[in-house]
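Let us walk through this structure together, one neighbourhood at a time. Keep the 3D view open and turn it as you read.

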Amino acid sequence: MQGKILSPQLISGDDGKRYEYDKNDVINLGGKDLALLTGSQVDFVSFDERVAKSIYIIAENVNVSSILSADSISFARLSAILGLGLLIFSCILYIGLEFFSFIPYIVDIVLITPIVGFVLYSMAIYSVRKAAASKNLFKNYIKAIITTFLCSYFFLMPAVKLLNSEHVDIFTSVIAVFVFALIALIAANYLYKIHTELARLSGSSLFLWAFWIFVVSVLLCFFGVFGIFVGFAVFIIAWVIHFIAWWRFKKLEKR
């Protein structure tokens with residue numbers, strides 16, 4: 001009998017009936033994500049008029065709407081890997097801007113790549129949120145972005161004033177540092193929640209390891225020039241661990 005895939009658990013047969021099936025019964029799936037193959041034509045053997053067995057995909061129909069709605073972990077994984085890759089690539093270009101000056105439109109590339117990387121990574125978080133039906137993952141991500149932006153602002157404000165003025169308002173600087181520290185703790189809390197949930201959903205503690213190593217890299221930057229260099233090296237380690245965590249994130253763990 002023939003029919004088409006309605007969902008990762010359901011096939012609509014040409015006889016008008018619907019059949020449940022198991023992913024392991026798709027003979028020629030070859031590691032593809034069934035969530036992205038909705039609408040593909042299949043040939044199968046009906047069992048007990050309710051279950052499909054010995055299923056063969058005879059005409060693939062990659063479901064673009066499933067990809068755009070970002071319902072699958074495969075899409076999330078790909079988006080995160082590309083996003084992280086572009087973010088670290090933009091850092092390398094920025095640090096070696098003079099060395100890469102021969103590249104046409106290098107300044108535009110340096111400005112655009114982190115934006116694209118950020119968008120892709122945001123799509124990855126949203127994809128996991130939809131796939132896991134999580135109520136708080138993407139909300140915590142947005143809160144982390146907002147608080148991190150505010151944290152950066154209150155860190156840079158006294159630093160810029162110190163560089164551009166001979167007389168620094170100590171009171172204003174102290175208040176800015178206090179607000180910075182407070183918002184930094186709030187941002188760290190949201191980031192911790194995000195990585196904790198990713199670790200739980202993926203079954204990998206690497207997400208939490210990446211978070212704590214990243215925290216260490218940020219703290220090291222407050223110990224002078226040497227601390228900044230060491231902090232950057234530790235940041236690279238955190239990035240690599242985070243990248244590996246996403247690379248190994250291929251399915252949701254049962255909760």
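This is a predicted model: local features need pLDDT of at least 70, side-chain atom pairs count only at pLDDT 80 or more; totals for chains, interfaces and linings use all residues.

Leaving out residues up to four places away in sequence, tryptophan 246 touches Ala76, Arg77, Ala80, Ile81, Leu84, Tyr121, Ala124, Ile125, Val128, Leu198 and Phe207. Several of these names come back when you look at the largest nonpolar core, which has 22 residues. Those with the most contacts inside this core are Tyr121, Ile125, Val128, Leu198, Phe207, Trp246 and Phe249. At least two residues of the core come from each of these helices: H2 (73–95), H3 (106–132), H4 (137–164), H5 (170–202) and H7. As a general background, nonpolar side chains in soluble globular proteins tend to be buried together.

Now step back to the whole chain. The protein has seven helices and five strands, and along the sequence they follow the pattern β-β-β-β-β-α-α-α-α-α-α-α. Of its 255 residues, 34% are buried. Among contacts between residues at least 6 apart in sequence, 63% join residues at least 24 apart. The protein exposes about 15700 Å², and carbon and sulfur atoms supply 69% of that area.

Let us begin with the strands. Strand E1 (residues 2–7) pairs with E4 in the antiparallel sense over three bridges, and lysine 4 has glutamine 41 in E4 as its bridge partner. E4 also runs antiparallel to E5, to which six bridges join it. In that pairing, serine 46 stands opposite alanine 52 in E5. Three residues lie between the strands in the hairpin of E4 and E5, where aspartate 48 takes a positive phi near 60°.

How many salt bridges does a search of the whole structure find? It finds two. One of them joins lysine 53 to aspartate 25, with 3.5 Å between the closest N and O atoms. Lysine 53 is partly exposed, since its relative accessible area is 34%. Aspartate 25, at 19% relative accessibility, counts as buried, because the cut-off for buried is under 20%.

The other salt bridge is formed by arginine 200 and glutamate 197, and its closest N and O atoms are also 3.5 Å apart. These two residues are three apart in helix H5, so about one helical turn separates them. In general, an α-helix has 3.6 residues a turn, so residues three or four places apart point the same way. Arginine 200 counts as partly exposed at 42% relative accessibility, whereas glutamate 197 is buried, with a relative accessible area of 11%.

Next, visit threonine 113, which is found in helix H3. Is threonine 113 buried or exposed? Threonine 113 is buried, because its relative accessible area is 10%. Apart from neighbours within four places in sequence, threonine 113 is in contact with Leu86, Phe89 and Ser90.

Finally, look at helices H6 and H7. Helix H6 (residues 206–220) has 15 residues and reaches 21 Å from its first C-alpha to its last, close to the 21 Å expected at 1.5 Å a residue. Its buried residues include Phe207, Ala210, Phe211, Ile213 and Ser217. H7 has 24 residues, which should span 34 Å at 1.5 Å a residue, and its end C-alpha atoms agree, being 34 Å apart. Buried in H7 are Gly227, Gly231, Val234, Ala238, Ile241, His242, Ala245 and Trp246.

Valine 234 is found in helix H7 (residues 224–247) and counts as buried because its relative accessibility is 16%. Not counting residues up to four places away in sequence, valine 234 touches Ile213, Val216, Ser217 and Leu220. Between valine 234 and valine 218 there are 8.9 Å, C-alpha to C-alpha, and the two are 16 residues apart in sequence.

How values were computed
Residues are numbered from 1 along each chain as its sequence is written. Side-chain values use heavy atoms; hydrogens and water are left out. Helices (H or I, at least four residues) and strands (E, at least two) are DSSP runs, numbered from the N terminus. The expected span of a helix is 1.5 Å times one less than its number of residues. Buried means under 20% relative accessible area, exposed over 50%, partly exposed in between (1.4 Å probe, protein chains only). Contact means heavy atoms within 4.5 Å. A nonpolar core is a set of buried Ala, Val, Leu, Ile, Met, Phe, Trp, Tyr and Cys residues joined through side-chain atoms within 4.5 Å. Accessible areas come from the Shrake-Rupley method with a 1.4 Å probe; for residues, only the protein chains shown count as cover. A salt bridge is a side-chain nitrogen of Lys or Arg within 4 Å of a carboxyl oxygen of Asp or Glu. Two strands pair if DSSP finds at least two bridges between them.
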